[in-house]
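Reader: I am new to this structure. Could you take me through the terms as we go?

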Amino acid sequence: MQISLKWINELINIEKIQLDELIEKLTLGGFEVEEILEVEINNKKQLTLDISATANRSDSLSIQGISNEIATLLDKDPRILTYTTNNLNWKQKIENLSKTVEDKNDCSTFLSVIVENLTDTRSPRWMKEKLISSSITPNDNLLDYQNYILLETGYPFSVYDFDKLSNHFNGSEFSLSISNSTNNQKFLASNDLKYQLDDSILLIKANDLSIGIAGIIESKDFSYSKFTNSLLIEGSIFNASKIRQQSRTLGLRTDRSARYEKTLKNTYLIDSLYRLISLF
C-alpha cells in the first residue's frame, strides 16, 4: 500500500518526526517499508511510503488504519476531524435498520443505502490529488469516490445505478438478498466480460434479478455511468475464504475482492458508509 505522508499528517501530527525514525518505528511495529517514493502533484513533491503488512493486519491497510498504528507507535493522539464527530441522525437510523444475516458463514453484515438527486459526480481536486499520491489514476467520476473511501477507511463498497434498477421494476420497490447462483448461469459483469457461474458463487439479487457477484463485481446492466444521478450503495462483510474461492473459480480478482480476501470486521463499516455518502 502506497501512503502519502502529507495525508497521514492530516490525521496525526508527524511534521517533526524524522523519516528514519518513522520507518524504524513502523518496522518495529511489524510493517515493512518496501520503498520511499517522491510523487509530484501540481508541481509540488510529496513523499510517499510503500508499506506492506502481514495478512493478519488487514485493519491497518488504509490511511486511517495505518495512522492509528503510527499514533500508537509514536505515542501521539490522532487529530480530531470534523467528519469523524459530525454524526447526523440518519447515521443512527442506518445502525438501527441494519439487517441481520441468517447465514453468517459467508456474510455477517449486509447494508444498503440509496442516494438520490446527485447533480455532479465529478471528483474534487483534493480527492484526485490524494488518489495520485496513492498511485491511483483519477477517472473524474464515481469510481474515484469508491477508490478514495477504500484507501481512507479500508472498506470496499459496491455501487449500482438506482434509476436503472427502478426502471427495470417499474418503481423503487424491490428487495435485496444474497443467494447462490445456479449451475451454468451466465453473468455479464461491469468489466464487459461474461462469466459462467456455478452453484458455489454468491450473488447479490434485487428480487430474483442478479445484480452483482458478492464481494467482487457488479452487473454491467446496473452499473453506473457519467449520467447516473441516483445510487444504490451496498456495503457488506463477507467471509474472506469464500471470496478467495469465488475469485479463483471465476479467474477474476478486483480491488474489492482483494480487500475482502483479507479478514474485514464490521466495527467501522457504518462509519465508512457514512463517510462515503458525506462526500457527495
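Author: We start with elements. Helices (H or I, at least four residues) and strands (E, at least two) are DSSP runs, numbered from the N terminus. The model is predicted: local features need pLDDT of at least 70, side-chain atom pairs count only at pLDDT 80 or more, and totals for chains, interfaces and linings use all residues. Residues are numbered from 1 along each chain as its sequence is written, and side-chain values use heavy atoms, leaving out hydrogens and water.

Reader: Which element gives the largest share of the lining of the second largest pocket?

Author: That is α7, with four residues. In α7 (142-153), β12 (217-218) and α10 (255-260), each element gives two or more residues to this lining.

Reader: What makes β1 and β3 a pair?

Author: Two strands pair if DSSP finds at least two bridges between them. Three bridges join β1 to β3 (residues 44-52), so the two strands pair, and they run antiparallel. In β3, D50 is the bridge partner of Q2.

Reader: What is the order of the strands in the open sheet?

Author: The three strands run β1-β3-β2, with antiparallel pairing. β1 (2-4) and β2 (32-41) each have a single partner strand, so they stand at the edges and one side of each lacks a neighbour in the sheet.

Reader: How do you know that I211 touches F222?

Author: Contact means heavy atoms within 4.5 Å, so that cut-off decides. I211 touches F222, and its other contacts include Y160, L165, F187 and L232, not counting residues up to four places away in sequence.
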